[in-house]
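Let's take a walk through this protein together.

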Amino acid sequence: MQDHDQADGFDEHAAADGIQIELWKRLLRYALPYKKELVLLGAGGALTALMEITLPLIAKGVVDDVEQNGIDASFGLWAAAYAGANFLLALGGMLFVWMAGKIDAFASHDIRQDAFANLQRLSFSYFDHRPVGWLMARLTADCRKLTDILAWAFLDLVWGTVMMVGIAAAMLVMHWQLALVAMAVMPAVGWLSAKFRKRILSTARLVRSTNSRITGSYNESIMGMTTSKAFVREEANASDFAGLTGTMYRASVRNLVLAAVFLPLVLTLSAIAVNLTLGVGGALLYIGAISAGTLIAFFTLTRTFFEPVHVMGHWFAEMQMAQASAERVLSLIEAEPEIEDSPSVKRALAVQRGAPPRSDIAPDGGPVRITEIELVNVSFAYDPAKPVLRDINLKVGRDETVAIVGPTGGGKSTLVNVICRFYEPTAGQVLIDGIDYRGRSLHWLQSSLGMVLQNAHVFSGSIMDNIRYGRLTASDQEVEWCARLAGAHEFITKMEDGYATEVGENGSRLSAGQKQLVSFARAILAEPQILVMDEATSSVDTETELKIQQGMKHVFQGRISFVIAHRLSTIRNATRIVVVEDGRITETGSHVELMAADGHYAELYRRQGLDETKRQWEAVGNG
């Protein structure tokens with residue numbers, strides 16, 4: 001996962017060496033909107049700390065009062081003070097737990113909302129190098145860690161600061177010489193904390209990075225379960241996963257051992273401070289320099305003084321360890337899409353929204369109907385050193401269906417992705433009705449698209465909901481009509497619950513062909529101006545494919561359509577066939593024209609015809 005972190009411009013090894021104030025300021029904006037809760041949280045933490053300091057002072061008062069007045073001491077007054085302090089202590093505890101929980105939940109909600117909202121805005125290129133597991137880890141484990149720190153670390157900062165300052169002040173007021181004795185071990189505690197912090201952080205880094213890799217491995221294993229079983233990769237996968245979990249186990253154990261050793265050492269220094277206090281304080285009590293109540297108060301306060309040192313040291317280390325998580329989450333929230341509306345388009349949209357509606361202009365600034373798309377000397381490359389498309393020139397009008405064929409890896413899908421503006425050309429122009437599409441609204445263009453992909457995605461929910469995803473306002477009758485056009489109605493009505501059938505997560509209860517039919521119906525329902533079909537019939541049988549082709553004749557009318565296909569028998573009726581090889585258009589024309597030209601297309605068609613005939617004869621023979 002390290003490569004993905006470095007792609008975001010963040011080096012976790014460098015970042016963990018110290019607290020990055022600017023980073024935490026950026027993250028703090030998710031807690032600042034809840035000012036009332038923050039004030040109450042701080043008040044609860046401060047009240048709790050003050051009451052914890054007050055209890056030993058009450059004990060001092062009781063002992064001193066008894067020492068001076070004997071049986072006439074004000075026991076009722078001290079009992080009331082003790083009860084009141086405990087009541088306020090419980091009130092402070094309840095207040096800070098309540099407020100910390102609210103801030104934790106609110107900040108977690110806001111961070112996840114912003115991250116998910118930005119994910120919807122980002123361009124396709126953002127997801128090219130970031131696996132699903134990486135993104136899931138950002139929105140789950142990393143987010144959880146950060147919101148814990150925002151709420152509970154702030155609480156402990158207030159509580160610990162009030163505790164340490166209050167205890168130091170109380171001891172200095174009571175007897176400053178003994179107070180200096182009690183705090184004599186603080187330099188040793190600071191040195192020990194610095195030493196252990198570096199070692200604990202190094203193991204925590206390894207735990208965190210390995211955890212991200214394990215999350216990604218989980219996701220890949222689940223998504224590729226069928227492939228793993230088909231190639232009998234279960235043992236090899238288990239071995240690879242065991243290596244990751246073994247690394248995490250060793251790093252986690254070392255991290256826990258270091259933490260387990262650090263705490264007893266701090267407690268040992270605390271015990272030394274207590275012993276010094278008792279020894280010196282006992283001598284001072286013997287010579288009458290302090291009272292017994294003062295010695296008791298010092299004993300209790302000295303033991304309590306080191307508790308916030310340990311807690312605040314823990315959060316200081318947590319903040320350093322979480323900086324990589326903070327940067328990853330913020331990089332996701334603050335990432336800018338590579339493809340977005342230009343400033344001039346944004347200004348035009350702002351003016352358009354405030355102007356009276358026009359019949360020839362869509363709400364997002366484009367024409368109501370797209371009549372022509374033209375590619376002029378278009379080139380594209382994911383990597384500048386490896387161009388994928390070279391000098392593509394193509395003009396397509398309404399009512400035209402362009403079939404794009406060619407060898408695997410030749411650039412067919414990339415060409416369509418550039419036309420749809422999922423990626424923008426690195427050279428040349430894509431013109432919509434004569435205007436570069438970078439001068440039009442991105443939302444308008446992509447809302448005019450309908451896509452049916454080879455690997456159709458189906459959301460959890462009913463079949464009706466999945467088809468209606470193409471147009472949420474569609475009636476049941478419109479959904480059914482589109483399903484009939486797509487050839488999906490027959491299989492849907494045979495299911496127990498018909499259109500109300502739950503498809504399961506990622507359409508697990510549907511076959512690959514059924515998912516493609518649902519996806520096709522969804523695209524039809526969207527009433528797109530530009531229809532893209534990428535191997536849309538690759539997972540259906542021949543009979544269903546014929547039904548789809550009959551429905552497509554109606555669907556293609558009045559639209560600009562692009563069909564990517566390997567099965568050339570499905571595109572004979574296309575208006576035009578374009579052959580793409582090595583990123584260039586090498587042939588173009590109708591089926592009849594290309595067969596007459598006897599070029600690469602004709603060779604592919606004849607080869608596929610022979611293969612298809614052979615398969616049919618083999619099927620007859622096996623029958």
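## Two helices side by side

Start with helix α4 (residues 35–69) and helix α5 (residues 75–121): they pack with their axes 7 Å apart, at an angle of about 160°. Keep in mind that what you're looking at is a predicted model. Why give those two values? Because two packed helices are described by the angle between their axes and the distance between the axes.

So how does α4 run relative to α5? Angles over 145 degrees count as roughly antiparallel, so α4 is roughly antiparallel to α5. The way α4 passes α5 is a left-handed crossing. And what sort of residues make up this contact? They split into 22 nonpolar, eight polar and four charged.

## Zooming out

Now step back to the protein chain, which has 22 helices and 10 strands. Of its 623 residues, 47% count as buried. What about contacts along the chain? Take those between residues at least 6 apart in sequence: 77% of them join residues at least 24 apart.

## One arginine up close

Finally, find R576, which lies in strand β9 (residues 576–581). Is R576 buried or exposed? Its relative accessibility is 18%, and the cut-off for buried is under 20%, so R576 counts as buried.

Where does its side chain go? The side chain of R576 reaches the backbone oxygen of K395 at 2.6 Å. K395 also turns up among the residues in contact with R576 once neighbours within four places in sequence are left aside. Others in that list include L394, V396, E400, T588 and G589.

Technical notes: Residues are numbered from 1 along each chain as its sequence is written. This is a predicted model: local features need pLDDT of at least 70, side-chain atom pairs count only at pLDDT 80 or more; totals for chains, interfaces and linings use all residues. Side-chain values use heavy atoms; hydrogens and water are left out. Helices (H or I, at least four residues) and strands (E, at least two) are DSSP runs, numbered from the N terminus. Buried means under 20% relative accessible area, exposed over 50%, partly exposed in between (1.4 Å probe, protein chains only). A polar contact is a pair of N or O atoms within 3.5 Å; within protein, one must be able to donate a hydrogen and the other to accept it, and residues adjacent in sequence count only if both atoms are side-chain atoms. Contact means heavy atoms within 4.5 Å. Axes are lines fitted to C-alpha atoms, for helices over the stretch in contact, and angles run from 0 to 180 degrees between N-to-C directions. Angles under 35 degrees count as roughly parallel, over 145 as roughly antiparallel, 65 to 115 as roughly perpendicular and the rest as oblique. A crossing is left-handed if the near helix is turned anticlockwise from the far one by less than a right angle, and right-handed if clockwise. Ala, Val, Leu, Ile, Met, Phe, Trp, Tyr, Cys and Pro count as nonpolar, Asp, Glu, Lys and Arg as charged, and the others, Gly among them, as polar.
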